[in-house]
Structure formats: structure tokens, C-alpha cells
Amino acid sequence: MIFPIDTVIPILEREVSSYDVPVVDLIATQTNDPFKVLVATILSARTKDEVTAAAARRLFARASTAAELATLTVADVEQLIYPVGFFRTKAKHLGELPGALQRFGGVVPDDIDSLVQLPGVGRKTANLVVAVAFHKPAICVDTHVHRIMNIWGYVQTTTPLQTEMVLRQKLPRQYWIRINGLLVAFGQGTCKPQRPHCDRCVIAAYCPRLGVTPRKKQQGGTVRQGRDERKLISWNVNGLRAVAKNGFLDVLHELDADILALQEIKAHPDQLDDQLRNVSGYQSFWHSAKKKGYAGTAVFSKIPPLRVLYGMEQPQFDDEGRVLTLEYPDFYLINTYSPNAQPELKRLAFKQEFNRTLLAYMDRLRSEKTVVLCGDLNVAHKEIDLANPKANVKNPGFSEQERAWMDELIAAGYVDTFRQFNQEAGQYTWWSYRFNARAKNIGWRIDYFIVDGSSRDRVLEAAIHGEITGSDHCPVSLLFR
Ligand code: SF4
């Protein structure tokens with residue numbers, strides 16, 4: 001079916017006219033000032049609109065021009081824009097902005113090639129500024145635009161950049177400037193990233209809903225929402241001290257997880273700043289490897305656990321800090337960093353022994369209460385779970401033997417929660433640092449949330465957060481009741 005874009009867009013225009021206007025469009029309408037639009041766009045990345053709007057208000061009260069911004073220190077800017085996501089990095093970029101604008105005569109340039117030379121300005125920001133501030137044809141592809149265009153089947157792409165390129169070819173030009181504001185508003189209000197409101201969607205009759213999981217309905221037809229929902233996040237940070245320099249604390253606050261499980265922390269608590277060890281609102285638990293700078297797991301929890309178990313009483317694995325378990329009243333959370341089988345599968349036997357021990361451990365805990373296993377299992381289960389399966393059949397992470405253990409896990413009644421909701425290819429959690437693999441989405445899905453089968457109905461959603469950078473892995477999440 002060809003998606004009827006010319007029918008759908010006017011319907012959406014009417015629909016979103018009563019929604020909140022995305023903050024950047026609002027600032028553009030209110031100020032008609034490219035400098036303010038640019039600054040608001042920089043502030044808005046990975047930040048809720050209301051937080052961006054308040055931060056922009058505070059900042060513009062002190063600095064409404066590039067010249068005024070140049071008089072503020074980075075510390076001043078940090079204070080004014082907090083708590084927008086990545087406020088330290090954004091403050092640094094804003095501190096550099098007045099100097100960088102000098103190359104363009106002190107004014108905001110109106111073309112993409114020039115804009116992307118400014119600090120903190122990527123292609124998405126540049127497109128938005130060109131479209132919204134200068135009313136020139138440009139297609140900004142926010143995650144909402146990328147996601148919804150794929151749900152409609154109007155594009156079949158895996159990255160926002162690919163979506164932009166396809167839209168440049170096929171989207172009628174009269175929609176270019178508006179499409180971002182329109183789909184951001186619609187994506188925030190109706191077609192939400194998780195559990196979109198298809199039940200009340202004005203374009204439901206036209207939408208093929210590709211890859212969409214319907215909302216789970218409770219009795220009476222409403223989605224269950226309550227205090228018993230918990231948001232669990234798992235992230236292989238590939239070195240906590242390194243990721244801390246890339247805005248880890250901002251991400252932690254932004255994700256606002258009830259429980260955050262980390263793998264490959266590569267640190268002992270005494271090597272960490274107090275800021276990292278004692279995060280307000282969380283208790284932290286550490287299972288570091290004996291060897292410094294290697295492996296290790298940690299959990300930050302808002303919910304006080306009943307008990308914490310360090311390892312599986314197997315010194316060869318426990319010395320590497322591979323497993324950290326928190327017992328809560330109604331479930332066990334097992335945070336795992338599975339060994340890598342290593343090139344030429346040199347460490348396969350060690351990994352297989354670890355896997356056997358882990359499964360037996362899970363089975364033992366499962367006899368008491370729900371088991372949630374999360375972490376980097378260092379294996380892509382099926383061909384759909386990596387970009388180049390044929391080239392990797394004998395490689396660590398996709399060897400027959402490692403995949404066989406995943407089969408065994410599933411046969412034992414455990415559930416790969418992400419695949420309950422999403423059957424699409426191109427959904428990855430790890431990308432090599434080499435060959436520009438992340439930008440090209442040449443990745444692997446090796447980070448999981450697994451639950452025992454009898455607890456399957458407690459899972460409300462499972463997701464991958466590929467937009468969060470800082471490590472070669474991205475976080476994965478589970479909404480669980
Ligand atoms: S029908 Fe559902 S998936 Fe399709 S656009 Fe509407 S809310 Fe989104």
C-alpha cells in the first residue's frame with residue numbers, strides 16, 4: 001500500500017493545532033530571532049520541552065545576543081541552563097558559540113554546511129534552524145520523524161540520516177519545513193515512542209503500524225499506570241570513569257530509572273569521585289573485579305533491596321565481578337556481564353562454564369520468585385540480531401556454541417523481552433568503535449533483559465536507547481510491574 005501522505009498531513013495539521021507547540025517552533029514564532037532559535041535548538045537535545053523552555057527563558061534573560069553570551073562564563077551558563085540534558089557539554093558549546101559565529105560575521109548562518117561548523121550543532125540542529133528560523137526548505141529529522149515515517153512505511157531506514165536522505169527524494173517540498181514540528185508534536189501527544197495511542201489516533205485508518213506493539217489494556221480499557229511500575233535500565237558503560245567524562249550523571253538523571261544496572265565498570269569504588277559513588281536518590285552497590293581496570297558490575301537503586309548477593313559463589317567468575325544480584329520483595333534482579341569468548345574462541349570454555357553456572361543460578365532463584373536477568377550477555381542470539389551474520393558465524397559473540405546457550409535459555413522458559421515487542425532487524429545495542437560502525441548502524445544486539453516465562457505478563461515494555469552515547473553500548477530498558 002502506498003502511504004497517502006497528502007491526505008494524512010492536512011489531518012495531522014488540524015489534529016496538532018490543539019497540542020503543545022514544540023519549544024523551538026514556539027521560540028521561533030515568539031522571537032523571530034535566529035540566534036535564539038539556534039540556542040534553543042542546542043538546549044533542546046535530549047531534554048523535555050518544558051525544561052528547555054524554562055532554561056531558555058533564564059538564559060535569554062541574561063544573554064539574548066551572541067555579544068551578551070560572550071560575557072558569561074561557562075559556569076554561569078551551566079547554572080542558568082541546568083537541568084537540561086548534558087548541561088555541562090551544552091554550556092561548553094554555548095561558551096564557544098560567540099567566537100565561532102565571528103567566522104560568519106557575528107550572525108547565525110542560514111545554510112546547513114556553515115551551521116554544522118558551529119560547536120554542538122549537528123545535522124539535525126542545522127536543518128531545524130534553517131527551516132524554522134530562516135523558513136528555507138530543509139528537512140529536520142528528529143527521532144519522532146524517523147520513527148513515525150518508518151511506522152507508516154513511508155521510508156524503510158535504520159538511521160535518521162538515511163531518513164533525511166530518503167525524504168529529500170520523495171517528500172513533497174511543501175511539507176519540508178513543517179514536517180518536523182508536526183511529527184514532534186504528534187509523536188509527543190499521540191504516536192508516542194512507547195505504547196502509541198492507536199486507539200484514539202485520527203489517522204489510524206491510513207496507518208499500517210509497522211513494528212508497533214498495541215497498548216496493553218487493563219479491565220475498563222485503560223493502560224495500567226501506577227506506583228508498582230518500575231523502570232529498569234541496563235547499560236554496559238565500558239569504563240565508568242570514561243563515561244563519567246561523557247555526561248554519565250546527566251544521562252542517569254535523565255533516564256530516571258528506578259534501578260540502573262551497569263556492566264564493565266572497570267573501576268573500584270575508591271577510584272571514583274564522590275559524585276559517582278553517592279548519587280542523590282540512589283543506593284549504590286558494587287561488585288568490582290579484583291584486577292583493576294577490568295570488567296565489574298554495579299547497580300544504582302532507588303528501591304532499597306532486601307538483600308545483595310555478590311557473585312555466584314564461584315571464585316573464578318566472582319573475582320571478575322561478573323554477577324551482582326539484588327533481591328527485592330517480588331523479584332530478583334541479576335545484573336550480569338558475561339565473559340567475551342575472545343578471538344579464535346580462546347575463552348569459549350570459560351564462557352560456557354559461566355553460562356551453565358548462570359542458568360543453574362537463575363533456575364534456583366526462579367523457584368523462589370520472579371527472576372529478571374539483565375546485562376551484556378556478549379552474544380547475539382539470531383541472525384536478525386546483528387548486521388553481518390554470515391561474516392560472523394565463527395566469531396566470538398555469534399559462534400554456534402554461544403548461540404546454543406541462548407537457545408537453551410529460551411527453551412528453559414526464559415523470555416527475551418525486547419523481542420516480545422519488536423521483531424524488526426537493525427535493532428542493536430553495541431557497535432564497534434571502528435569503521436564508523438555506529439553511524440552506519442553496523443551493530444549487534446548483545447544486551448538484554450530476560451525474564452522467567454511465568455513473569456512474562458509483568459513486562460509492560462522493553463526498549464533499546466540507541467540515541468544515548470558515551471559507551472560503545474547503549475542502554476536497554478524494561479518497564480516492569
Ligand atoms: S495508528 Fe498508532 S502507530 Fe499509526 S500513527 Fe496512529 S498512533 Fe502512530
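I took two strands as paired if DSSP finds at least two bridges between them. The model is predicted.

**Entry 1: the sheet**

I looked up β7 and β8 under that rule. Strand β7 (residues 331-337) and strand β8 (residues 370-376) run parallel and are joined by seven bridges. Within this pair I found N335 opposite C374 of β8.

I then traced the whole sheet. It is open, has six strands in the order β5-β6-β7-β8-β12-β9, and its pairing is mixed. I noted β5 (307-310) and β9 (414-416) at the edges; each has a single partner strand, so one side of each lacks a neighbour in the sheet. From one strand to the next the twist averages 20°.

I also checked what lies on the sheet. Helix α17 (residues 348-366) packs there and touches β6 (323-328), β7, β8 and β12 (447-452). The direction of α17 makes about 150° with that of β8.

**Entry 2: a helix pair**

I turned to helix α6 (residues 74-81) and helix α7 (residues 87-101), which pack at an angle of about 130° with their axes 8 Å apart. That angle makes α6 oblique to α7. I recorded their crossing as right-handed.

For the contact, I listed V74, V77, E78 and I81 from α6 against F87, R88, K90, A91, K92, L94 and G95 from α7. By class I have six nonpolar, one polar and four charged residues in this contact.

**Entry 3: the ligand**

I listed the residues around the ligand: I151, T190, C191, P196, H197, C198, C201, I203, A204, C207, R209 and V212. I sorted this shell into nine nonpolar, two polar and one charged.

How values were computed: Residues are numbered from 1 along each chain as its sequence is written. This is a predicted model: local features need pLDDT of at least 70, side-chain atom pairs count only at pLDDT 80 or more; totals for chains, interfaces and linings use all residues. A residue is near a molecule or strand if its C-beta atom, placed from the backbone, lies within 6 Å of it. Ala, Val, Leu, Ile, Met, Phe, Trp, Tyr, Cys and Pro count as nonpolar, Asp, Glu, Lys and Arg as charged, and the others, Gly among them, as polar. Axes are lines fitted to C-alpha atoms, for helices over the stretch in contact, and angles run from 0 to 180 degrees between N-to-C directions. Helices (H or I, at least four residues) and strands (E, at least two) are DSSP runs, numbered from the N terminus. Angles under 35 degrees count as roughly parallel, over 145 as roughly antiparallel, 65 to 115 as roughly perpendicular and the rest as oblique. A crossing is left-handed if the near helix is turned anticlockwise from the far one by less than a right angle, and right-handed if clockwise. Two residues are in contact if their C-beta atoms, placed from the backbone, lie within 7 Å.
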